[in-house]
Amino acid sequence: MSAIKKSFAFGQHQVTLETGEMARQADGAVVVSMGDTVVLVTAVGRKQADPNKDFFPLTVNYVEKTYAAGRIPGGFFKREGRPSEKETLTSRLIDRPIRPLFPEHFFNEIQVVATVVSLNPEIDADIPAMLGASAALALSGVPFMGPIGAAKVGYIDGQYVLNPTAKQMKTSQLDLVVAGTAEAVLMVESEADRLSEEVMLGAVVFGHEQMQVAIKAINELKAEAGKPAWAWAAPVANTALEAAVAANAQSALSEAYQVTDKMKRRDRVQEIKAAALTALATGEAPQFAAADVSKEFANLEYRIVRDRVITGAPRIDGRDMKTVRPITIKTGVLPRTHGSALFTRGETQALVTTTLGTGRDAQIIDALTGERKEPFMFHYNFPPFSVGETGMMGSPKRREIGHGNLARRGISAVMPDMTNFPYVIRVVSEILESNGSSSMASVCGSSLALMDAGVPIKASVAGVAMGLVKEGDKFQVLTDILGDEDHLGDMDFKVAGTRDGVTALQMDIKINGITKEIMQVALEQAKAGRLHILEQMDQILPAARPQMSEWAPSIITIKIDPEKIREVIGKGGAVIRAITEETGTTIDIENDGTVKIASVDGVSGREAQRRIELITAEVEVGRVYEGRVARLMDFGAFVTILPGKDGLVHISQISEERVERVSDKLKEGDVVRVKVLEVDRQGRVRLSMRNVDAA
């Protein structure tokens, strides 16, 4: 069990790649250490492909074990369960840059498993997991055209920071992950605080340059410990099939891809395909197998659409390369939601709602680094009817979680601070139609829905998806891509931001990477598209509404002495329960004495505030209070002037005249006006009823 190791400095951390000791029956297994964060990554491939599959079955599972952070899982079963959102997003982060590096016709099943076995909370496991996946695949012998490197880039005080710690990220204006080969960039995922396109491009270039040391180390590890390459070869092209399908369908298919309506175009393409199958794959002696004809028909579609784009011909829906589809916007479309917007761009439509809640509505996240509360939630739903299909409805899939996270990143930079706007916020985007870039429609819709709800966001945010067709040295960047252009193109490049700068950037490549020049063109074209969309949005709703919905909770925030919290809560919670039940409010009290009172109407909120202020108020000498006689004594009467606070009116202070018996002037339950004469060191209060009106 002799281990082979490679180490290198990666930013402020030392990274070690080790193989040969753990998980030796996997095709490739690497233990990646970055500080005290350790990830075991394995790669296994099936030697035989399933003949019934015509796609590449790659599965990536990123798994966080709670023992890695010295914790025991919560819940009844006390073991790890379904993947968390963080695990799902990191699985996608690993998958996206490695998927395009497998050969086009390679259909053998590949599974990559990254298991976090030790965690330093200051060092996220995502970059070690990505490096481990690259190394495990490089060692396995499968036809993987890697390795790749990966790096996280921050931007602090005008400087790029490689692989910043969790503490550094709190002051960073940028959270960017970039992955790529030695030659080109394959994937970018980022969140930014309205940074310029130049800064964003510089961050990508910086990350790509810095990751070269990781790629070099993986290549050295492969040279020493790599397994023999699989004897796999791409299938030989069937030129007779290509010619037959082209002769049968090319002319009709070229015309079909000039039909601008998505559903009509889809139906026409299906008709042409059915005719080709009938002509070439049916009868007593069919020329070709139906599956082969279907595959070649898809290849013909691919070539037709791409050839039109690369030659500069009008796109499928008649647009040029830079035009954004027509936009229609409505706000306040749902009467009982706190905020709503219907954003339609071409044949993509998002119904986005905003719901405002109190602190107790925040999502509790039991993360590997500990429990925390999330006050801003963004949920994205993609029902099958949005693309005219039937399908199962259930819990969100990886794609929905990923698109929701991208949209959340796009809007997070402009969200108000909870100290100034003490609401928990949930945004939900329901995709009602989809023909390209529903996540960016969600960004636009969320900005409008938040402003419709009266949320004082710092600026409007819009998003646009860019595409790419690249053939040799020629390329065309497409603004606001359609679904077909996404499917048949080489890049999905999504940019969200305000007029001032970028708030989120996500890029996925289907080819072996893109150059700095292509990225620069895409960013500049995306900026023009984003500014155009923002102009359309500002015509409908340029700023947050001054008043919130009548159905939204009104939150009053006050500060009390932390020593008085127990008095407000009362024994067994009796006092605060009585206030909430009698006023119909929701009250949250924090340890520092911050009290948030939420109510649907302002009257009940102000009444709850009055009661809390009475409970926590200090008795002031010389002030006149209206109190109720609590009990009579021979020497005077005790009067309740504040909740839980009684004072004594001595018999001599009840009236200007001499009083023989207290009961001659007062009885229990009487409401009287009293003046505070003294509060002694023990907190005892002496009161007077004499000359109160004059006081």
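Analyst: A cavity is a set of grid points where a 1.4 Å probe fits but cannot get out, and its volume is the space filled by probe spheres set on those points. Please note that this is a predicted model.

User: What is the general idea behind using a probe?

Analyst: Rolling a probe the size of a water molecule over the atoms shows where empty space is left. In this structure, the count comes to 2 cavities of 30 Å³ or more.

User: Which residues line the largest cavity?

Analyst: Its lining consists of Tyr257, Val305, Arg308, Val309, Pro314, Arg315, Ile316 and Glu485. Helix α8 (residues 290-310) gives the most to this lining, with 3 residues.

User: Which residues line the second largest cavity?

Analyst: That cavity is lined by Thr358, Gly359, Pro422, Ile555, Asp588, Lys596 and Ala598. They divide into 3 nonpolar, 2 polar and 2 charged.

User: Let us turn to a single residue. Is Ser549 buried or exposed?

Analyst: A residue is called buried when its relative accessible area is under 20%. Ser549 has 18% relative accessibility and therefore counts as buried. Ser549 is placed in the loop between α12 (516-540) and β22 (554-559).

User: What is Ser549 in contact with, leaving aside its neighbours within four places in sequence?

Analyst: Ser549 is then in contact with Thr337 and His338. Within its own stretch of sequence, a polar atom of the Ser549 side chain lies 3.0 Å from the backbone nitrogen of Trp551.

Key. Residues are numbered from 1 along each chain as its sequence is written. This is a predicted model: local features need pLDDT of at least 70, side-chain atom pairs count only at pLDDT 80 or more; totals for chains, interfaces and linings use all residues. Side-chain values use heavy atoms; hydrogens and water are left out. On a 1 Å grid over the protein atoms alone, a cavity is a set of points where a 1.4 Å probe fits but cannot get out, and a pocket is an open set with protein on both sides within 12 Å along at least five of seven lines; lining residues have an atom within 4 Å of a point. Helices (H or I, at least four residues) and strands (E, at least two) are DSSP runs, numbered from the N terminus. Ala, Val, Leu, Ile, Met, Phe, Trp, Tyr, Cys and Pro count as nonpolar, Asp, Glu, Lys and Arg as charged, and the others, Gly among them, as polar. Buried means under 20% relative accessible area, exposed over 50%, partly exposed in between (1.4 Å probe, protein chains only). A polar contact is a pair of N or O atoms within 3.5 Å; within protein, one must be able to donate a hydrogen and the other to accept it, and residues adjacent in sequence count only if both atoms are side-chain atoms. Contact means heavy atoms within 4.5 Å.
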